[in-house]
Amino acid sequence: MDTPSSALATSDSDVESFKRRLLDHLVHTVGKDQVTCTPRDWYHALARTVRDLLVEMWMDSTRATYRGDVKRIYYLSLEFLIGRSLINNLLNIGFVDICRQALADLKLDLDVIAEEEPEAALGNGGLGRLAACLIDSMATVGIPGYGYGIRYDYGMFSQVIENGFQTELPENWLRFGNPWEFARPEVVYTVKFFGRSVPYHEPDGRLSYDWTDAEEVLAMAYDQPVPGYGAWTVNNIRLWASKSSRAFDLKRFNQGDYMAAIRDQGESENLSKVLYPDDSTSMGKALRLKQEYFFVSASLQDILRRYLSQHKGFGEMPNKVAIQLNDTHPSMAVAEMMRLLLDQYGLDWDEAWATSVGVFSYTNHTLLPEALETWPLPLVETMLPRLMQIIFEINRRFLDEVSHRFPGDDDLVRRVSLIDEAGERRVRMAHLAFVGSHRVNGVARIHTDLMKTTIFADFQRIYPDRIVNKTNGVTPRRWLNQANRDLSTLITQEVGEDWTADLDQLRKLVGVAEDRGFQDAFRTIKKDNKQRLAKLVKDRLGLVLDEKSLFDVHVKRIHEYKRQLLNVLHVISRYNRLRAGGKGANLPPRTVLFAGKAAPGYWMAKLIITLINDVAKVVNADPAVKDRLKVVFLPNYNVSLAQRIIPAADLSEQISTAGTEASGTGNMKLALNGALTIGTRDGANIEIAEEVGEENVFFFGLLADQVMALHQSGSYDPTALVRANAELAEVIDMIGNGFFSPDQRDRYRPIVDTLTTHGDFYLLVADYPDYLASHAKVDALWKTSRDWTAKAILNVARMGKFSSDLTVLDYATDIWNVRPYRPAPGTHRH
């Protein structure tokens, strides 16, 4: 099961050989012996041992790619939520059993050592995790790919809850080094900022531009190999670190001006210091824009260098290079590619534009207009003067085309312009990405349909064939094979081991969904996973959970549209029913578990976290409810914690306002691990229900078109609806009058105002009755454990569509125009 293929049987794949490699690294790389070493030392020695094996496969893979001159996919993303790599790499290259036995011989435990690995939290939720999944899946299906991003010194902040409030601490994941990466000091590119763009004429009379008097920063590469399952292809994530282009000022240092001596270096290297600096200030905005341009400029210079090392001219480039823009953050790549092709390589505009559009495609991740990135035009013009000229020229040519095709429609021209002229002039990055790409995709069917009718309706009219759907997926290697080892073993015993690379093999489980023996084994695994999570909660929070209760899980980024607050309204309603007795006395035990981070500057999201913790404090201490209701907020949600929570979940909360969630991937991970979904018809929930059966999902709430109609009508009155619903009115009164915050009775008045007098934009009040009715159905089904277990097994069995391997193959066919590449036997690996 743990060995993907017999092809991995090599002279190094025995326990003794692995042990020798490990001990050699302990001594010669870490510089310790077995007497003085710590668990962290063992982790570093083990990581280097695994990296050695991985590198040999990586070199084979890279040489085969060059020999075949195959098309490469470049995935540009400001986030890569990689998580821990040790176990994932061992599983993918087929060495986990050998490693485990070698460590056991040394009286060591692989799981204990793996806990020493820092979390590579270079992202904030689904967007960054999707990027990591797609690089893994590209390698698994045999598509040579590169991920490009930033090597942040400090990733997503470490979340600490102090007196119920979120506090952000630096996440110094590089404190002890990253044993998986390779520093590439020889791979360095210059990135320019500020200065002037000066026109001049070439000897042949062609007009060119020189970006002069600029501030220069160096981008240095760090590579981290990513093996696919079976390691037939090993791909690479190349992250850029900023370095100063100016040397240490020894003269100033010797004069005693120590701070000035290092000032330039510090300012340059701040660029890659922190993931998502707070952009609520002008300095924060400038740093964010600099980060985005820094990484796309370095990445494109690197891509063009690699392409030109094998090809002359740019005629073949769209056949050899595909660049995927993951959301609007890398959109400046469109203008930067034009700058490089025009100014550095001397192409004329038409050839450069055809080449650029031919290689770029853009993934949109949001329908919220406020989340579509825009930049103040003066900021772009000052910081990136040459790119602003190019954006103006792209816009002029594009608007000329629009005016020619739609004469007299000045409103259309205004709406689709790359420059928003209303109020402060701003550059619309989503428009730049759309115009500069040959394909634009959404990430779930409903999301893509809404793109065509809302945020990109005008562009759909202009380019009716450009928008396509590519529903997100998740890698089953990490999210089932690694995260839920016991369930993986049970599945393999039933359907064979091929499911890890062909998730549709899980459909064979449909036939045993009603089998009592299989159900008993399935329930035992779920109970064991819940016990492990309960132990973690007790160790971290001191709270005792009942693993026999229904584990109701809501784990994702904290945001108003994701409606953690609606879940809290249900929790308080349930609490009140339990206290009142009567019908409430028959409610089955429930553990409601929240986890997720709020952006540091997102005040309302942070207030919701505090409310969750205050409600938990009251509920968990009330003897009237005993163990029939527990509320938990687990701090510092990340990939590793997700791998603990998701296998233990019974119920998956996917309750965003319909029409706001692009897709979601947490919904897929939870269903794949046997959690039933309670949710709205939003994002990928719809497609999950189509696969697993609507009878195995608890749907509730308004539909996306009803939400839109309600907003447009102006008739929605949440205050009146609250008055008409005594149970909801009591819940909101408790929040507003300080029942959960006796130390500050008006603490949650802003939440009450948001739900009532401020209009309840995300329609929690409208969906509340139906949400409670769905939870009543959950309670009823939970009491019939055989029926619940059958539905949970069917969820697992029918999730094959949501493998990121299939997502990647769909991109390959419809967007990238590339075929998976597997070298001939004997030319690859060992």
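Author: We begin with Gly442, which, leaving aside its neighbours within four places in sequence, is in contact (heavy atoms within 4.5 Å) with Asn364, His447, Thr448, Met451, Val468, Asn469 and Lys470. This is a predicted model, in which local features need pLDDT of at least 70 and side-chain atom pairs count only at pLDDT 80 or more, while totals for chains, interfaces and linings use all residues. Residues are numbered from 1 along each chain as its sequence is written, and side-chain values use heavy atoms, with hydrogens and water left out.

Reader: Which backbone nitrogen lies 3.0 Å from a polar atom of the side chain of His447?

Author: His447 is found in helix H17, residues 445-453, and counts as buried at 0% relative accessibility. Leaving aside neighbours within four places in sequence, His447 is in contact with Asn364, His365, Thr366, Leu367, Gly442 and Ala662. A polar contact is a pair of N or O atoms within 3.5 Å; within protein, one must be able to donate a hydrogen and the other to accept it, and residues adjacent in sequence count only if both atoms are side-chain atoms. The backbone nitrogen at 3.0 Å from the side chain of His447 is that of Val443.

Reader: How far apart in space are Gly442 and Asp760, and where is Asp760 placed?

Author: In sequence, 318 residues separate Gly442 and Asp760, and their C-alpha atoms are 27 Å apart in space. Asp760 is not a glycine, although its phi is positive at about 50°. With a relative accessible area of 2%, Asp760 is buried. Its place is in the loop between helix H30 (749-755) and helix H31 (764-782).

Reader: Is Asn817 buried or exposed?

Author: Asn817 is found in the segment after helix H33 (804-816). Its phi is near 55°, a positive value in a residue other than glycine. At 60% relative accessibility, Asn817 counts as exposed.

Reader: Why does the span of helix H2 agree with its number of residues?

Author: The expected span of a helix is 1.5 Å times one less than its number of residues. Helix H2, residues 39-68, has 30 residues and should therefore span 44 Å. The agreement rests on the distance between its end C-alpha atoms, which is 43 Å.

Reader: At what angle do helix H21 and helix H32 pack?

Author: Arg516, Phe518, Gln519, Asp520, Phe522 and Arg523 in H21 meet Ser785, Arg786, Thr789, Ala790, Ala792, Ile793 and Val796 in H32. Axes are lines fitted to C-alpha atoms, for helices over the stretch in contact, and angles run from 0 to 180 degrees between N-to-C directions. The axes of H21 (residues 516-541) and H32 (residues 785-797) are 10 Å apart, and the angle is about 80°. Since 65 to 115 degrees counts as roughly perpendicular, H21 is, relative to H32, roughly perpendicular.

Terms used. Helix = DSSP H or I, 4+ residues; strand = E, 2+ residues; numbered from the N terminus. Buried < 20%, exposed > 50% of the residue type's maximum accessible area, 1.4 Å probe, protein only. Parallel < 35°, antiparallel > 145°, perpendicular 65-115°, else oblique.
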